[in-house]
Amino acid sequence: MSKQPLIPPIGHKVRLKDYDPGYTGDFRHKEDVQAQLAKDLARLDELQEVFYADGRRALLIILQGIDTGGKDGTIEHVFSGVNPQGVQVTAFKKPTSEELAHDFLWRVHRNVPPKGFIGIFNRSHYEDVLVVRVHDLVPRKVWKERYDQINQFEAMLAANDVTILKFFLYISKAEQKKRFEARLKDPKKQWKFAMGDLDERQRWDDYMAAFEDMLTKCNTEYAPWHIVPANHKWYRNYIVTQTVISTLERMNLKYPQPAEGIENVVIPD
Ligand code: AMP
Ligand code: MG
């Protein structure tokens, strides 16, 4: 298997058939990354602390993927070690009537993290060119305009100290079948299964076409898409963790200067 790029080349059409959802890079087994992943999770905790103290930027992490793609599992594993006070998770559901009465970015913008915080979006404004497109919830002419609107919105955030990382968790149709079957069998997971999920699965090809357009049209220097091969959960967690770490490391984070005269402070008895 040849090397697979994590970020597709910007400005080129993404064809998902060129990507293998079962890809695991140089690794074969979970054991090959386990020790590194444990170290990475500890490193992420350290970085998050200095990121918060530094307070110059916000980090927005966007997770998209088909049902059972692993959005919840990624959040649970990758951020298991970080201080919950520094992280905000937002799950975007079917819009409420109040949300529908506004433009599609309204509910999104209010949940963008402030400086010093890591914000994680479990689904996002991309639903407005995914489920909305697949189900014709708005006319074609309306969703077609949204790719540009999303790019402009993300460019505005990036110009205002928000670093944006977008992950598309890519699983195969066969892997989704396995995961739904596991959900149906496990009493602790049955609640996650909705009857409507089967109808969505029937639209697999429409979803893949919508994902391809999202990955093609909204892949930018300032907010790149990462196509994460996600059939293997251990590889998915490893890649997302590594990407978040290297993004934080590039920020050259620093603890703020201590107050002047701190060296002379004596704490009274
Ligand atoms: P879940 O992530 O399983 O809790 O499901 C959330 C549901 O909300 C999914 O079926 C999404 O497709 C749906 N959803 C999220 N955003 C939108 C949107 N903008 N329009 C319509 N449905 C949405
Ligand atoms: Mg669901």
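Arg 123 touches Leu 63, Gln 64, Asp 67, Lys 71 and Phe 92, leaving aside residues up to four places away in sequence; contact here means heavy atoms within 4.5 Å. This is a predicted model, in which local features need pLDDT of at least 70, side-chain atom pairs count only at pLDDT 80 or more, and totals for chains, interfaces and linings use all residues. Residues are numbered from 1 along each chain as its sequence is written, chains are lettered from A and ligands numbered from 1 in the order in which they are written, and side-chain values use heavy atoms, with hydrogens and water left out.

- You will find Arg 123 in the loop between β3 (118-122) and α5 (131-134); helices (H or I, at least four residues) and strands (E, at least two) are DSSP runs, numbered from the N terminus.
- With a relative accessible area of 22%, Arg 123 is partly exposed; buried means under 20% relative accessible area, exposed over 50%, and partly exposed in between (1.4 Å probe, protein chains only).
- Although Arg 123 and Gln 64 are 59 residues apart along the chain, their C-alpha atoms are separated by 5.3 Å.
- Most residues other than glycine have a negative phi. Arg 123 is not a glycine, yet its phi is positive, at about 70 degrees.

**Asp 67, a contact of Arg 123**

- Asp 67 sits in the loop between β1 and α2 (71-78), and it counts as buried at 17% relative accessibility.
- Besides Arg 123, Asp 67 touches Ile 171, Gln 176, Phe 180, Asp 197 and Glu 200, again not counting residues up to four places away in sequence.

**Ligand 1**

- The residues around ligand 1 include Phe 92, Lys 94, Arg 107, Arg 123 and Glu 127; a residue is near a molecule or strand if one of its heavy atoms lies within 4 Å of it.
- A polar side-chain atom of Arg 123 lies 2.7 Å from an oxygen atom of ligand 1.
- Taken alone, ligand 1 exposes 500 Å², and the protein buries 72% of that; accessible areas come from the Shrake-Rupley method with a 1.4 Å probe, and for residues only the protein chains shown count as cover.
- A polar backbone atom of Lys 94 is 3.1 Å from an oxygen atom of ligand 1, while a polar side-chain atom of Arg 107 lies 3.1 Å from a nitrogen atom of the ligand.

- Strand β4 (residues 162-170) is mostly covered, with 9 of its 9 residues buried.
- Val 162, Ile 164, Lys 166, Phe 168 and Tyr 170 point one way from β4, and Thr 163, Leu 165, Phe 167 and Leu 169 point the other way.
- Strand β1 (residues 58-65) pairs with β4 in the parallel sense over 8 bridges; two strands pair if DSSP finds at least two bridges between them. Ala 58 has Val 162 in β4 as its bridge partner.
- Strand β5 (residues 225-229) runs parallel to β4 and is joined to it by 5 bridges. The bridge partner of Phe 167 in β5 is His 226.

**Helix α10 and the segment after it**

- Helix α10 (residues 233-249) has 17 residues and should span 24 Å at 1.5 Å a residue, which agrees with its end C-alpha atoms being 24 Å apart; the expected span is 1.5 Å times one less than the number of residues.
- Of the 17 residues of α10, 13 are buried, so the helix is mostly covered.
- Asn 252 lies in the segment after α10 and counts as partly exposed at 49% relative accessibility.
- Asn 252 is a residue other than glycine with a positive phi, near 55 degrees.

Terms used:
Polar contact = N/O pair within 3.5 Å; in protein donor to acceptor, adjacent residues only side chain to side chain.
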